[in-house]
Amino acid sequence: MMDLSYLSIADAGRLFRTKELSPSELAGHLLERINRINPQCHAFLQIDEDAVLAQAAIAEAEMSAGNWRGPLHGIPYALKDLIDVAGIPTTCHSKILSGNKADHDATVVSRLRDAGAILIGKTSLHEFAIGGPSRDLPWPPALNPWNLDLHPGGSSSGSGAALAAGLVPAALGTDTGGSIRNPATCCGVVGMKPTYGLVSRHGVFPLSFSLDHVGPMTRTVKDNALLLQVLAGFDSNDPTSMNRRVHDLSSQLGLGLKGLRIGVLEHFFTEDSVADSQLVGALQRATDVLAGLGANIAPARLAPLSTWVACGRVIQQAEQYVVHEKWLQLRPEDYCESSRSKLLAGAFISSRDYLKMSQIRRLLRNEFDVLMKQFDAVVTLSSFHLPCRIDRQDEIVRTYEQQARMPFNLTGTPVIAVPIGFSEDGLPLGMQIAAKAFDEAMLYRIADAYGRATEWTSRHPLESSLDLQCATNTMSTS
């Protein structure tokens with residue numbers, strides 16, 4: 001019997017075309033599953049079931065009339081709740097915006113609507129994409145479907161959790177210092193931070209204007225490419241949008257890896273910091289797989305990770321303070337403690353420090369560009385530690401800082417997080433693959449080849465008794 005919970009975008013589209021499945025059937029199944037599982041994992045903040053079913057009925061009628069809009073037609077998706085949808089609240093998971101209702105669709109929402117995709121709901125996040133999981137907010141934080149006691153990563157927490165729990169096949173997140181790749185890693189899904197300027201940020205609440213990215217999160221690499229294909233493209237409403245042609249992002253899938261040059265940024269997690277041995281071993285096995293597929297693997301080096309992290313921290317703190325300065329002055333008590341302390345740090349960043357780090361950023365970007373003349377891609381770990389308990393704020397703060405995600409926000413170049421195995425306790429492990437600007441197709445080529453050879457994405461929390469966790473959680477709180 002077909003498992004609709006973990007159906008891929010590509011397979012759902014094929015079944016729609018052969019009329020073995022309808023958009024209404026898929027949407028109805030996912031809504032039932034959300035009603036059963038979401039009260040425990042808190043992936044979604046808001047859902048309008050009537051609107052979902054109405055969208056599905058429209059898609060079904062269009063397909064019956066021969067009006068096929070493309071691979072996302074009839075596909076349900078979820079949005080991180082800092083992306084605007086006309087007439088729907090955009091809360092940013094914060095009391096400050098709890099009454100906010102968007103007037104217009106974000107550009108990415110308009111493009112998904114034109115593609116026939118079905119918005120199934122808004123997902124939870126760290127408050128304003130900066131605060132950690134907190135209980136002093138109007139809504140609870142998302143939990144990790146692999147173990148409901150654990151953090152699912154952030155700040156696109158709900159998007160990662162919804163995908164892993166089989167609640168939706170596609171989701172959007174945002175990434176300022178790793179906020180797509182962290183939940184993708186913790187939840188065992190695929191998360192892409194595209195090239196800066198490839199995807200419009202119009203209608204997306206900002207955190208740091210020079211580091212923010214919007215990107216796709218899915219369970220398979222092919223699905224990720226299909227989703228990004230719709231999202232990408234120039235938008236005159238976004239001053240940072242790049243006016244260039246978007247090529248077929250799936251064009252290199254299936255080409256194999258023979259002759260590709262792939263560098264390994266090992267010093268990030270063995271010299272500059274020390275990662276969990278299970279993660280280090282998993283990355284070594286992953287590079288062995290890449291070599292076995294024909295890639296030429298070699299060591300790669302950049303500036304010490306601490307330099308990248310310090311540069312990114314100053315730039316982000318300064319820019320995010322500017323966004324929140326007025327509310328911090330007028331309504332500081334309405335932020336959760338974690339958000340407030342992180343945002344207030346920006347008040348102490350001088351213009352001199354900001355300019356100095358902006359200059360260092362240019363040097364780091366140039367260094368990365370020089371390195372990438374030697375390689376088609378580089379790989380490194382995403383997180384250096386396994387997901388910790390969600391009720392241990394000190395551990396969340398400590399482990400979140402120990403990662404290698406910020407370098408690629410500073411360079412603005414594309415990077416994808418993919419699963420590379422599981423820990424002894426059955427938790428997902430992940431790596432990053434990074435490439436030159438606008439070379440997302442290369443990343444999909446490598447990630448897809450690796451995924452086909454390993455099939456880590458075929459394993460889901462459902463097989464680890466997610467339903468049992470939910471039942472136990474419900475009994476313990478009743």
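1. Arginine 244 lies over the face of phenylalanine 438, 3.9 Å from the ring centre. Arginine 459 is placed over the face of phenylalanine 422, at 4.1 Å from the ring centre. A charge counts as over a ring if NZ of Lys or CZ of Arg is within 6 Å of the ring centre and within 35 degrees of the ring normal.

2. On the basis of the note: this is a predicted model, in which local features need pLDDT of at least 70 and side-chain atom pairs count only at pLDDT 80 or more, while totals for chains, interfaces and linings use all residues. Residues are numbered from 1 along each chain as its sequence is written, and side-chain values use heavy atoms, with hydrogens and water left out.

3. The count of aromatic pairs is 8. Rings of Phe, Tyr and Trp (its six-membered ring) pair if their centres lie within 6.5 Å; planes under 30 degrees apart are stacked, over 60 edge-to-face, and the rest tilted. One of the pairs, phenylalanine 128 with tyrosine 335, is tilted, at 5.9 Å centre to centre and 50° between the planes. The two residues are 207 residues apart: phenylalanine 128 is in the loop between strand E3 (118–123) and helix H5 (157–164), and tyrosine 335 in the loop between helix H10 (305–330) and helix H11 (337–344). Helices (H or I, at least four residues) and strands (E, at least two) are DSSP runs, numbered from the N terminus.

4. Phenylalanine 128 and tyrosine 335 are both buried, that is, under 20% relative accessible area, with exposed over 50% and partly exposed in between (1.4 Å probe, protein chains only). Phe128 and Tyr335 belong to one aromatic cluster with Phe205 and Trp327.

5. An open sheet of 11 strands has the order E1-E3-E2-E4-E6-E5-E10-E11-E9-E7-E8, with mixed pairing. Its edge strands, E1 (44–46) and E8 (296–299), each pair on one side only. Two strands pair if DSSP finds at least two bridges between them. Within the sheet, strand E7 (residues 261–264) runs parallel to strand E9 (residues 377–381), joined by 3 bridges. Valine 264 has valine 379 in E9 as its bridge partner.

6. Where is serine 382? Serine 382 is in the loop between E9 and helix H13 (393–401). Serine 382 is buried because its relative accessible area is 0%. Its side chain makes a polar contact of 2.9 Å with that of threonine 185; such a contact is a pair of N or O atoms within 3.5 Å, and within protein one must be able to donate a hydrogen and the other to accept it, residues adjacent in sequence counting only if both atoms are side-chain atoms.
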